Amino acid sequence: RYEIRKIENETNNSVYPFTVAGEQCFLKLYRRKDWPEEGKIPFVYRSLSQKGIPHAELIAYCRVNAASSNGYLIEHGIPGVAADKMQLDREQEIMLYVKLAGLVSSVHEVRIENYGYIGNGIANYDSMTDFFEDEFDEFNDKLKDIVSETQLKKLRVKVLNVMRDFENLPSVLCHGDLSKKNVIVRDGKALSKGNDVMQSSEEITLIDWDDAMALNWMAAVSRLTLWMKQSYHEQEYELFRNVFLKHYRTSYRKDEFDVFENAYHVYSALDSLNFSVRVGNTEMESRLKRYLEGKANED
């Protein structure tokens, strides 16, 4: 006899863990027909396999089924504990970001043609700026009763002016939701002081690739630092952010990351506000509105 219980507080899809022959698996029922895009998850997993990057093993994937009109996914679980469920001291937290930087660096070695939503593996925007222009058009439509037209215009100019300056960065596989909740630590000893940093790919694993996109490396890391800013006190934020950046590997304009990061945080806040309005998270909505008002009023 098998018992399957739904994981509570999952705002995007319905997720059910279950065990077969002593091995944990997950059933995910999608709530939307158009997200994640058709073929994205199989493409991402194939790409990670080609680079030797650990990921969950896909058992079944279908987007059209009589029992689930929006489709479903079944995959093997990753042994370990989500990083946000662990009680980490300062040194362990530092080691987590050292290892995460190494893992994300490897993920960004996966190049993708074009920018934006990736579907079966090819994105549909020739330039990153074109993608963000369409995103702002959508914000104008969906957030017109939440953010003033004047504020949106100011924010649009701020963000797009920066994006144009970074068009030469290549399009890579971006996780789309980098945060501790999506990092599985296989063994707590992996975060102990003195542990070999080079073994990070075997000790931590990224899960939940539903938000994966094709953008540049700065966009992926900026998503992480925005989450850090919301989760840590200022001194902790600066420490862990700088640890990650120090150990992240790239030859593409690393010393200019701060400029891009600031602009992307504005875009990401608008994107999160759009989501918060849709799911009715009024607390998050208020916090994001205050943040965006401040950014719109900056010189």
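Colleague: Where is the place of P36?
Modeller: This is a predicted model, and in it P36 sits in the loop between β2 (23–29) and α1.

Colleague: What is the peptide bond from W35 to P36, cis or trans?
Modeller: The bond from W35 to P36 is cis, with omega near -10°.

Colleague: On to α1, then. How many of its residues are buried?
Modeller: Helix α1 is mostly covered, with 8 of its 11 residues buried. Among them are K40, F43, Y45 and L48.

Colleague: And what do the buried residues of α1 pack against?
Modeller: They pack against β3 (58–62), β4 (72–76), α2 (90–107) and β6 (172–174). Just after α1, G52 takes a positive phi of about 70°.

Colleague: Why is K40 called buried?
Modeller: Its relative accessible area is 1%, and buried means under 20%, so K40 counts as buried.

Colleague: What does the side chain of K40 reach?
Modeller: The side chain of K40 reaches the backbone oxygen of D210, at 2.6 Å. Leaving aside neighbours within four places in sequence, K40 is in contact with W35, Y61, I118, G119, W209, D210, D211 and A212.

Colleague: Is E138 buried, partly exposed or exposed?
Modeller: E138, in helix α3, counts as partly exposed, at 33% relative accessibility. The C-alpha atoms of E138 and H108 are separated by 27 Å, and the two residues are 30 residues apart along the chain.

Colleague: Which residues do ring pairs link into a cluster?
Modeller: The cluster consists of Y117, Y125, F131, F132, F136, F139, F166, F260, Y264 and Y267.

Colleague: How many aromatic pairs does the structure hold?
Modeller: It holds 17 aromatic pairs. In one of them, W217 and Y248, the ring centres are 4.9 Å apart and the planes are at 20°, so the pair is stacked.

Colleague: Where do W217 and Y248 lie?
Modeller: W217 is in helix α6 (residues 217–231) and Y248 is in the loop between α7 (234–247) and α8, so the pair ties together parts that are 31 residues apart in sequence. W217 and Y248 are both buried.

Colleague: What about W227 and Y232?
Modeller: They form an edge-to-face pair, 5.9 Å centre to centre with 85° between the planes. W227 is partly exposed at 23% relative accessibility, whereas Y232 is buried at 14%.

Colleague: Last topic, backbone angles. What is the phi of A21?
Modeller: Phi of A21 is near 55°, a positive value in a residue other than glycine. A21 lies in the loop between β1 (14–20) and β2, and counts as exposed at 80% relative accessibility.

Colleague: And R253? What is its phi?
Modeller: R253 is not a glycine either, and has a positive phi of about 50°. R253 is in the loop between α7 and α8, and at 22% relative accessibility counts as partly exposed.

Notes. Residues numbered from 1 in each chain as written. Heavy atoms only, no water. Buried < 20%, exposed > 50% of the residue type's maximum accessible area, 1.4 Å probe, protein only. Polar contact = N/O pair within 3.5 Å; in protein donor to acceptor, adjacent residues only side chain to side chain. Contact = heavy atoms within 4.5 Å. Phe/Tyr/Trp six-rings, centres within 6.5 Å; stacked < 30°, edge-to-face > 60°. Helix = DSSP H or I, 4+ residues; strand = E, 2+ residues; numbered from the N terminus.
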